[in-house]
Structure formats: structure tokens, C-alpha cells
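Thanks for coming. I will show the model first and then go through a few of its parts.

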Amino acid sequence: MKIVCLGDSLTAGMDRNDPSHWISILQKEAVHTYVNKGVCGDTSGGMLARFYRDVVEEEARCVILMGGENDFIMGADGGVVQSNLMAMVHQAFFYQIVPVIGIPIILDPAIVRKDWAAFTNFGEIVQKTKEYRAWIYRFAETFHVEVLDFQKAFERNAVGEWKDYFSDGVHPNEKGNRIMADLILNVGM
């Protein structure tokens with residue numbers, strides 16, 4: 001089965017060819033074919049705009065959708081992100097593609113790179129992400145969409161300091177990517 005992973009830099013990876021990135025791990029260890037359609041810096045609106053090209057034309061049988069934090073970094077309202085995600089889920093249903101929503105890891109503002117922390121208020125990003133997370137669960141239950149909760153996977157599997165799982169406070173490092181890949185492998189995707 002072909003699974004497209006559509007998202008931002010958490011999906012793309014900071015180096016798309018990094019063998020320790022979660023999608024690279026899945027490409028080596030999973031029985032399914034994974035296609036990385038992440039774009040660094042992308043928003044949920046960008047994901048929606050390229051949904052047809054990157055998911056439908058790719059002839060995906062399943063799509064993992066994960067994005068929204070860049071929207072919050074740029075000051076977008078939660079309703080914008082929710083609307084875009086809902087549109088992508090319903091487009092997936094229309095094209096008979098199984099949608100799965102990935103819930104990103106909640107950031108720790110204390111470990112975010114200093115130059116990024118000067119750009120935006122990561123405390124507000126955390127609050128918006130928590131509200132978005134709660135909405136995703138309600139939405140997924142209503143529309144019978146599977147959820148991959150990367151935050152819960154980190155809470156269950158991270159040992160020691162949270163910062164030991166991130167390269168820059170936002171993007172997971174090798175250990176963090178392993179947790180993300182293992183979550184998907186463990187649910188049989």
C-alpha cells in the first residue's frame with residue numbers, strides 16, 4: 001500500500017535524505033511504501049493547495065496529514081488550521097484515500113533555538129497546539145479518522161531530558177525520529 005506523508009518540516013525532515021528520519025526508517029522497515037511530501041515551513045493552507053498533486057495524483061491509498069504549527073507561528077487562528085485539515089480529510093474520503101491525522105509533538109519553549117524564540121512567542125504556540133490537539137480528537141471521533149499521537153508516543157517512550165530528543169527544540173533528532181517511526185510500525189501501518 002502506498003502511504004503519502006503530507007506536512008511541514010516535521011514530515012519533510014531538515015535533511016530529506018537523513019537515514020534516521022522517521023519516514024526514511026519506515027521506507028526501510030515497513031511493509032508499505034512511504035512517500036515523503038513534507039515541505040519545510042509549509043502551512044496547512046499550503047498542504048491543502050498541494051493535496052491533489054501530492055496525494056491524489058500520487059495514487060496514495062492512505063495519507064498521513066500533519067501540520068498546523070507553522071500557521072500558529074505566523075499568527076493564524078486555530079479555526080483556519082481546523083478548516084484546512086477538515087478539507088483535506090474530506091478530500092481524502094472523496095478520492096477513497098484513507099486519512100490519518102498525525103498530532104505533532106508539543107514544543108518546549110525552553111529548548112527552542114534562541115533566534116526562533118525571538119521571532120515568535122512559543123508559549124502561545126504551545127497553547128494553540130494544545131487546543132488544536134483537543135479539536136483533532138473531537139473531529140477524528142466524529143468522522144471516524146485514525147489518529148497518530150506523536151506527543152503521547154514521546155511521553156511514553158522518552159527517557160531522560162526532553163531536549164535529548166530534539167535537534168533544535170522543534171525538530172526531532174535521531175532518537176525522536178525513532179519514536180515517531182516506531183509508533184507507526186506498532187500500529188501496523
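I will start with a definition: a salt bridge here is a side-chain nitrogen of Lys or Arg within 4 Å of a carboxyl oxygen of Asp or Glu. This is a predicted model, where local features need pLDDT of at least 70 and side-chain atom pairs count only at pLDDT 80 or more, while totals for chains, interfaces and linings use all residues. Residues are numbered from 1 along each chain as its sequence is written, and side-chain values use heavy atoms, with hydrogens and water left out.

Nine salt bridges are present in the structure. One of them joins Arg133 to Asp149, with the closest N and O atoms 2.7 Å apart. Arg133 lies in helix 8 and Asp149 in strand 5, so the pair ties together parts that are 16 residues apart in sequence. Helices (H or I, at least four residues) and strands (E, at least two) are DSSP runs, numbered from the N terminus. Arg133 is buried at 16% relative accessible area, and Asp149 is buried at 7%. For these labels, buried is under 20% relative accessible area, exposed is over 50%, and partly exposed is in between, using a 1.4 Å probe and protein chains only.

Next, the Arg50 and Asp54 pair. Their closest N and O atoms are 2.7 Å apart. Asp54 is buried at 4%, and Arg50 is buried at 6%. Both belong to a network of salt bridges that also links Asp42 and Arg53.

Arg178 and Asp182 form another salt bridge, at 2.7 Å from N to O. They sit four residues apart in helix 10 (residues 174-186), which separates them by about one helical turn. An α-helix has 3.6 residues a turn, so residues three or four places apart point the same way. Arg178 is partly exposed at 28%, as is Asp182 at 27%.

Back to helix 8. How many residues does helix 8 have? It has 22, and it reaches 30 Å from first C-alpha to last, close to the 32 Å expected at 1.5 Å a residue; that expected span is 1.5 Å times one less than the number of residues. Its buried residues include Phe122, Trp135 and Phe139. The buried residues of helix 8 pack against helix 5, helix 6, strand 4, helix 7, strand 5 and helix 9, where contact means heavy atoms within 4.5 Å. After helix 8 comes His144, with a positive phi near 55 degrees.

Last, Thr120, in the loop between helix 7 and helix 8. Thr120 is buried at 16%. Leaving aside residues up to four places away in sequence, Thr120 touches Ile73 and Ile125.
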